[in-house]
Amino acid sequence: MKKTPYNIYQCIDNDLYNDKKNQWWQADSPLYLISSSFNPARISYLRKKLITELNINPQGKLALDIGCGGGFLCEELARVGFSVTGIDPSEQSIQIATNHSNISGLQINYIIGTGEALPYDNSSIDFVFCCDVLEHVRDLPKVISEISRVLKPGGLFFYDTINRTWLSQLIAINILQVWQSWAIAPPNLHVWKMFIKPKELRLLLEENNLEWKDPIGLMPNTAFPFVLHNLRKRSKGELSYKDFGEKIWMKESKVTSLMYIGFAIKH
Ligand SMILES: C[S@@+](CC[C@H](N)C(=O)[O-])C[C@H]1O[C@@H](n2cnc3c(N)ncnc32)[C@H](O)[C@@H]1O
């Protein structure tokens, strides 16, 4: 895989994370959907893999969350005992994340920066997390090589991302962003050509000494007519993003053609 060409990268709106309208922790912000509809599935996957299956004690282990946004994942990681740093290019997001961690009484280090240039020594981090971010970055091969560089041998890289399939074109782009009867996400939140097929990610990880472990799919918790019904209500303003997330959320599935979540081990 190559760095995203400029003509494609310029279609994604990564500036929206600096827009004053987008306040991560507010129930009426589209970004709140990540907390209500996506984060619970991630946390349950992470707990299952890390604590139950791999028997890892997170206490004091160094965790880096790349593209941390407003800190939804960082806060959960800090709560289970990781020593957490969140990094993100969006100054506003880092400010919001810092303020919110103070309100939550959590010790989290937040810094401005990108996944393409991590300000850490080689082999210095125990765990790297990168959730709903790989499909946003300009230079994915560079980000993966940076993740591999900073991870200690035996360290783990956790991610979730969106697959590049007809299903993601239909749901993540057309329904969520384009078709106004249902669209509830900002129009250029995602760009289909920047989505990543599992086999592409696998190759990149393996080229960077990161051992691929089979990911699992993420799909909505309920039947599509009910999802569409609630998208319609949200698009008409009858539900807040928080209310929507209480009805519709992602859960693990054998189907990886929309989203997938997984991890890799640094050798
Ligand atoms: C959809 S948000 C996900 C936020 C967070 N990971 C979560 O799940 O709550 C995508 C985030 O990626 C960040 N981002 C965009 N380009 C990036 C890059 N090159 N390196 C690191 N983060 C980046 C954005 O600023 C934004 O906060």
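Two strands are taken to pair if DSSP finds at least two bridges between them. Helices (H or I, at least four residues) and strands (E, at least two) are DSSP runs, numbered from the N terminus. The model is predicted: local features need pLDDT of at least 70 and side-chain atom pairs count only at pLDDT 80 or more, while totals for chains, interfaces and linings use all residues. Residues are numbered from 1 along each chain as its sequence is written.

With strand 7 (residues 216-220), the pairing is antiparallel over three bridges, and Leu 218 has Met 259 as its bridge partner in strand 9. In strand 9, Ile 265 is the bridge partner of Leu 156, and Gly 262 is that of Tyr 159. Seven of the eight residues of strand 9 are buried, and the strand is mostly covered. A residue counts as buried if 20 or more other C-beta atoms lie within 10 Å of its own, as exposed if 12 or fewer do, and as partly exposed in between, with C-beta atoms placed from the backbone.

Strand 5 is largely enclosed by the rest of the structure, because nine of its 12 residues are buried. Strand 4, helix 5 and strand 5 form a right-handed β-α-β unit; a crossover is right-handed if, with the strands pointing away from the viewer, the path from the first strand over the helix to the second runs clockwise.

Helix 5 (residues 140-150) has as its buried residues Leu 140, Val 143, Ile 144, Glu 146, Ile 147, Ser 148 and Val 150. Val 150 lies in helix 5 and is buried because 21 other C-beta atoms lie within 10 Å. Residues are in contact if their C-beta atoms, placed from the backbone, lie within 7 Å. Not counting residues up to four places away in sequence, Val 150 touches Leu 118, Tyr 120, Asn 122, Ser 124, Ile 125 and Val 128.

The largest nonpolar core has 70 residues, of which Cys 74, Leu 77, Val 128, Phe 129, Phe 157 and Leu 218 touch the most other members. Helix 2 (residues 32-53) gives the most to this core, with eight residues. Such a core is a set of buried Ala, Val, Leu, Ile, Met, Phe, Trp, Tyr and Cys residues joined through C-beta atoms within 7 Å.

Phe 82 is located in the loop between helix 3 (72-79) and strand 2 (83-88). Phe 82 is buried because 23 other C-beta atoms lie within 10 Å. Leaving out residues up to four places away in sequence, Phe 82 touches Pro 58, Lys 61, Ala 63, Leu 77 and Phe 127. Phe 82 and Phe 127 are 45 residues apart in sequence, with a C-alpha to C-alpha separation of 9.2 Å.

Definitions and conventions:
Two residues are in contact if their C-beta atoms, placed from the backbone, lie within 7 Å.
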